[in-house]
Amino acid sequence: MAKRLLVTYALWALGGPVGLHHVYLGRDSHALLWMLTLGGFGVGWLWEFWQLPGWVARANDARESQPRGPEPPALSPVRFFGQVLVGIYFGLVALIGLSSLAGFYLLALPLAVGLGVHVVANVGDQTSDLRSTLVAAFLTSPIFYGHALAILPVSLTASVTAQQCRRYKPCRGPRETLRARLYHLGLAYLAFTTPLAYCAFCNTAATARYLADAIGAALGWLSFFPTLGSFLEQLLLLPYRAWRLLTEGAGFGAGSFQEWEKVYEFVQSFQSERQQLAYKVLALRDGAPVEEIHKSYRELVKLWHPDHNRHRAEEAERRFIEVQAAYESLMQSRKAKPA
């Protein structure tokens with residue numbers, strides 16, 4: 001049956017983040033990727049708006065079923081970046097849901113990262129060698145045993161291997177029925193989400209503590225970028241606020257809700273602590289008026305400008321950046337307050 005562009009755009013608009021349009025076009029690997037990442041974290045879903053006509057034409061092209069030559073597909077930096085990112089994402093999900101398992105860094109982590117990389121490698125008309133990708137992940141993981149940052153080198157190694165083994169998919173045979181395809185997609189989705197659901201509802205305290213630590217580390221890295229850090233805080237608190245609106249007064253999930261509330265309080269505490277540190281950097285008292293903030297900022301910027309402190313360039317650069325970050329943090333908080 002010929003695929004229609006209007007139907008594709010309608011499915012993209014209504015269920016794009018969960019890959020409905022990809023299911024319609026027979027792109028099951030892409031549909032699974034979108035289901036597990038909510039449309040490539042939203043960015044991929046918006047970006048593919050311009051690619052839909054080409055995919056519809058390809059789905060209706062009978063020549064797509066003909067075999068291709070032996071030459072591999074062209075190297076795609078976008079696909080490689082997606083492999084690394086999704087590999088890290090799968091690794092983080094495994095770290096949250098399966099880190100209590102014995103031998104996690106030797107078995108579960110490389111398996112999760114390798115599968116994440118392969119899901120991206122299998123999108124569209126391309127694929128890769130799953131065995132080589134998993135071998136690369138399993139060989140790299142023991143080198144960084146016990147470190148949370150092991151996810152990054154494992155994902156990089158697996159992605160490089162997947163790119164080296166890239167090839168076109170073989171010509172299509174008889175396509176499975178829609179029911180069978182949805183069944184396989186559902187099984188894959190359950191395999192991905194079950195560990196997370198178990199950890200969230202049966203081991204809530206441990207999961208909440210881990211998320212609090214992870215959020216704290218992320219916000220700490222962004223301390224020199226207050227605007228970006230503030231945006232990340234609001235983004236991280238959206239699920240909590242939505243949950244609170246749904247459960248407030250209903251008593252639903254009250255036991256586990258208290259644990260997640262600690263994560264909310266933890267993130268909220270970053271705002272007050274960051275403001276106190278900003279006042280300290282600018283040598284001001286807490287709650288100083290805007291005029292004093294401007295005055296102290298101008299004086300300290302002149303004092304620690306690197307061009308005026310060539311004899312202590314490293315210290316001056318560090319202090320200069322701290323002053324700028326503190327000033328931006330205080331100004332951002334003042335703008336956020338209602339008049």
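The exercises below go through one predicted model, each with a worked solution.

This is a predicted model in which local features need pLDDT of at least 70 and side-chain atom pairs count only at pLDDT 80 or more, while totals for chains, interfaces and linings use all residues. Residues are numbered from 1 along each chain as its sequence is written, and side-chain values use heavy atoms, with hydrogens and water left out.

**Exercise 1. State how many helices and strands the protein chain has, and what share of its residues is buried.**

Step 1. Helices (H or I, at least four residues) and strands (E, at least two) are DSSP runs, numbered from the N terminus. The protein chain has 15 helices and 2 strands.

Step 2. Buried means under 20% relative accessible area, exposed over 50%, and partly exposed in between (1.4 Å probe, protein chains only). Of the 339 residues in the protein chain, 37% are buried.

Step 3. Contact means heavy atoms within 4.5 Å. Among contacts with a separation of 6 or more, 67% come from residues 24 or more positions apart.

**Exercise 2. Describe the largest nonpolar core and find which element gives the most to it.**

Step 1. A nonpolar core is a set of buried Ala, Val, Leu, Ile, Met, Phe, Trp, Tyr and Cys residues joined through side-chain atoms within 4.5 Å. The largest one has 17 residues, and those with the most contacts inside it include Tyr-279, Leu-282 and Val-323.

Step 2. Two or more residues come from each of α13 (254-281), α14 (290-303) and α15 (313-336). The most come from α15, which gives 7 residues.

Step 3. Take Leu-282 as an example: leaving out residues up to four places away in sequence, Leu-282 touches Ile-293, Ser-296, Tyr-297, Leu-300, Val-323, Ala-326, Tyr-327 and Leu-330.

Step 4. Apart from this core lies another, of 16 residues, with Ala-108, Ala-112, Ala-137 and Ala-158 among them. In soluble globular proteins, nonpolar side chains tend to be buried together.

**Exercise 3. Work out how α1 and α5 pack, and which residues meet.**

Step 1. Axes are lines fitted to C-alpha atoms, for helices over the stretch in contact, and angles run from 0 to 180 degrees between N-to-C directions. Helix α1 (residues 5-15) and helix α5 (residues 52-59) pack at about 130°, and their axes are 10 Å apart.

Step 2. Angles under 35 degrees count as roughly parallel, over 145 as roughly antiparallel, 65 to 115 as roughly perpendicular and the rest as oblique. Therefore α1 is oblique to α5.

Step 3. On the α1 side are Leu-5, Thr-8, Tyr-9 and Trp-12, which meet Leu-52, Pro-53 and Val-56 in α5.

**Exercise 4. Is Leu-38 buried or exposed, and what is its phi?**

Step 1. Leu-38 is found in helix α3 (residues 28-41). Its phi is positive, about 55°, although Leu-38 is not a glycine.

Step 2. Leu-38 counts as exposed because its relative accessibility is 54%.

Step 3. Phe-41 also lies in helix α3, and has a positive phi near 60°. At 42% relative accessibility, Phe-41 counts as partly exposed.
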